[in-house]
Each structure stands twice: as structure tokens, then as C-alpha cells.
Amino acid sequence: MQAKPRIAIAGFQHETNCFGTTKAGLAEFEMADSWPAMLDGDTVIRETRGMNLPIAGFAKAAEEAGMELAPILWCAAEPSAHVTDHAFDTICAKILDGLHAAGPLDGIFLDLHGAMVTESHPDGEGEILRRLRAWAGPGLPIAVSLDLHANISAASVELADYIAIYRTYPHLDMAETGARCVPVLRHLLAGGTLHKAFRQMDYLIPLHAQFTGATPGRELYDALPPLEQAGVLADIALGFTAADFPDTRPSCVAYARTAAAAARAADHIAGLFDRLEAHSDHPMLTPGQAAETACQPRTRKPVVLADVQDNPGAGGTSDTTGLLAALANAGAQDVLMGLFHDPQAAAAAHEAGQGSVFRIALGGRSGAAGDQPFDAEFQVVALGGGSCRYTGEMYGGGTATLGLTAVLKLHGTQAGITLVVTSIRNQCLDLAHFTHIGLDPAAYRTVCVKSTAHFRADFEPIASAVYPVAAPGVFPCDLGTFPYENLHPDVRTIPAKG
């Protein structure tokens, strides 16, 4: 080992909804959306510095620890259906070419997601690690950060020397998770060893029930610090339920100086999952019930309705209209909704101009059962140029790329509904998605967001109450409606009630 350890860093992220409508090709990884555009070389560090991203957290901690970094590439695409083979093979080749060109290395850090499914590889991360390990050989330490929603395979655990996983949902600790890999790499580079243990659970947890501020997430993650105090590094992945392959399920990893200690920790966490299964499903409102809630007398703070099954951050189309139609039919007043992904509507608004009224069939092209375009007149309230600076804790410091954006208000009906339409899909998880175009969510009676849980970090402080809503979408949180074909036969889609 060199006096100053030299570590290659790279990132390749995608959360795959196997029931989605559009695939992620190379262009989707190259473009900017909720995340930065594809980065390579020194821009990997420069353009992510200070952001809440694992690669940024690792780079900062590694530099402070006296490591020399060899940045290779970082990219991510908005969640969607499968990653195309062309995109996957091209990006993997770019990473391997960068490693070849980097010169002597002492270790590798990878910023991955853990729920990537490609056209040819159900376990995308396992295949990435297989290719990198074939290049690196068995002796070069590889540390990996994964998303809390990862579906981890035994192959990934075997191929990586260490896996660190986010511990919060909303993901407020992404940079911190990357930083946690630095002392482990230092330990391995100094000749230390870590024994591994891995356990997979036998039931799925709906995504809206994975919020770590409530049961069961709160209790599961509260178990990790005591294990760390006892000398065991353990992490939990709650799984991404829209991936459809045998490793789709919650899991845990544990690392310790002895195999017995690692195994005891993993068994302890698996036991917690068993005891909490009955609490792993959370009720949702129907669109009709959500509309009734929106029509209740105004409270001091707005009610937040989460359109959890049309979350673009989980591969949703962000254009379903079930909740909008229910609110309009009920004559709901003082409602703010976003973000609707409809490039045609956004372009039509820009062509019509601010203050004008035009008619269009908005959204409703997801293909989800019960979803259809919402045909109505809208008044153009405001127009936006396409980007906004995040201000919330989760993505603070980053920039959302929205494309042509318009604020539209339902016209010619008794309902009072204002909505934000964008040309590029973005999960509505930051108040800046509204405030950047002159809207104050706190001033409304009801705020509707197309998000599952990430919105909570920024929207809960302004809310009187938060309710998940089960409107039609391509990311069902009612797991019994998923047409799974490739789950492990032991995995239950509907948790036992105890």
C-alpha cells in the first residue's frame, strides 16, 4: 500500500420499476433531472461537492483522511422501467476504462442504488460488481453505498468487501452513508479483516410504510447504534417493491471481527423483522376520501395529500389524474398540486402566454387501470424557465431540472385547484418546486404532492396532517395488485397481521 492510499470513486444509480412504462437508455443517464447530468473525471468531485450524495460524502471524508482520489464517473437516471442493455454496458465500460487509465489503486468506492434491473440482468448491482471484481481481482478492497430501498443479493455481499446503506427515509443521510465507508476502507487497507453475515426477509413492506419516522422503520433502525457500540457494523435495506426478481425483499448485512458476532447481529435484526411484520402495512385514503378531507374546514396549516402511487421517484409517470379528478368533482377549494409531467401541456401554456385560458387533455397517459386524461380549461398563472435550486434538507445545494414549466389554474368550474406542470419528470419532494415559481404551499388549504415519503422532510413542518392516497398509478403501494412473476416463492406480498 502506498503511503497515501489511492482510491477510485464511481457512481451508477438507477431504481428500476419493472412495471413502469419507459426504459432508461443512455440519454436518460446523460441528462440532468432531479440529479446532475453525467459527470466524469474531476467534475465528479467538483460538481457534487457539498451535496447530499454518497459520492460527495465519501470524497469529503476521504480527503480529510488523507486519501488520494481518482474520480472516474457518476451518473443517475430518474427511476423508470428497465435499464437498456446498451446503457448498462456502455456505462460499465466507461467505469472499467476509467479504472484501467487511473493507474495504481489501493481501493474502490462505488455509489450504487441496489435496485437496478436491466434488460438482461435482474440483479444490476451484482453484475456491476461482478465485472469490477473480475478486473480488480480478489485483493483490492471494494466498498459500496446503497439506497435504503435496495434489493440486495448474496452475490453483491460476496463481491463487495463492505456495504453501507442509508438509514433514513426520506434519505437525509446519503452523504453520511458514503462517509461511513472511509474508516472501513482504512481498516481493510491496514490489513484488518471483516467477517460478513447476510439475511433476507420473507415479506415485502409497501414503500409508503417504509418511512423511518414511524413503525416499523423507526424500531428497525433504532437497533443499529447499539450494535455499533458493541463493535458490529450493521445496516438494513427495506427493499424496492416494484422490482420483480427473487432478491426483491428486505435484508440486512452485518460486519464484525468474528463470524459469530456478525451472525448474531444479523439474526437479531431478522428477529426484529419477524416481530414487526404485523405493523408493516399502513392504510391509505381513496381519492374520494381524500377529496372529502380537502373539503373539510380549513386548519391553520395545510393538509398534505401524497399521491403515493404516481411517484416519479419510484418509476411513476407523474401524470395520473385520479386525485385531481376527485378533487375537481368535489369542488375542493384552495388546492395546490404538483408536479404533473406533461410536456405538451407545458408547451401549450408557454405558447398561450401568461393570463390566457386554453383547453387541453392533461396527463392520464400512464396506462394504469382507471387513469385517463383530464380534459378541462386552464388559466396560465405563471411560466417558468426550467430549473430551480433545492432548498430542503434532502437535496439542498442541488438543482432540479424541470424543462418548460407552467402554473395552471382550473378554469370554468367551481373547484379552486392550482397545479404545476413540468416537461421533465421530477419527484415533488422540495418546497422549492413550488416557491421557485411564486407559489407558497403554506398559504393553501390542501397541498397534493406526487411523492411517497421523500416530501415529508420539507412538507411536514408546514402541514397540519399528512395522508397517503391510493389513486391509480404504475407504482401500486397495495402490493396485492402487483402482477409479480419472479419473486422468491417464500416471499409474501401481503404481510401477516399477527
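Author: The buried residues of helix α5 are Gly-124, Glu-125, Gly-126, Glu-127, Ile-128, Leu-129, Arg-131, Leu-132, Arg-133 and Ala-136, where buried means under 20% relative accessible area, exposed over 50% and partly exposed in between, with a 1.4 Å probe and protein chains only. The model is a predicted one, in which local features need pLDDT of at least 70, side-chain atom pairs count only at pLDDT 80 or more, and totals for chains, interfaces and linings use all residues. Residues are numbered from 1 along each chain as its sequence is written, and side-chain values use heavy atoms, with hydrogens and water left out.

Helices (H or I, at least four residues) and strands (E, at least two) are DSSP runs numbered from the N terminus. Helix α5 is mostly covered, with 10 of its 13 residues buried. Those buried residues pack against β1 (6–13), α4 (85–101), β4 (107–112), β5 (142–146) and α6 (154–159), a contact being heavy atoms within 4.5 Å.

The length of the helix can be checked as well. The expected span is 1.5 Å times one less than the number of residues; for the 13 residues of α5 this gives 18 Å, and the end C-alpha atoms are 18 Å apart, so the two agree. Just after α5, Gly-137 adopts a positive phi of about 80°.

Within α5, which covers residues 124–136, Arg-133 deserves attention. Arg-133 counts as buried because its relative accessible area is 12%. A polar atom of its side chain lies 2.7 Å from the backbone oxygen of Leu-140. Leaving aside residues up to four places away in sequence, Arg-133 touches Pro-138, Leu-140, Ile-142, Leu-159, Ala-160 and Asp-161.

For the wider setting, a nonpolar core is a set of buried Ala, Val, Leu, Ile, Met, Phe, Trp, Tyr and Cys residues joined through side-chain atoms within 4.5 Å. The largest such core has 151 residues, and those with the most contacts inside it are Ile-9, Phe-12, Phe-29 and Phe-58. Helix α10 (residues 259–276) gives the most to this core, with 9 residues. Apart from this core lies another, of 35 residues, which include Leu-362, Ile-417, Leu-419 and Ala-471.

Cys-92 is buried, since its relative accessibility is 2%. Its sulfur is 9.3 Å from the closest cysteine sulfur, in Cys-75, and therefore too far for a bond. With a disulfide taken as a pair of cysteine sulfur atoms within 2.5 Å, the count comes to 0 disulfides.

Technical notes. Polar contact = N/O pair within 3.5 Å; in protein donor to acceptor, adjacent residues only side chain to side chain.
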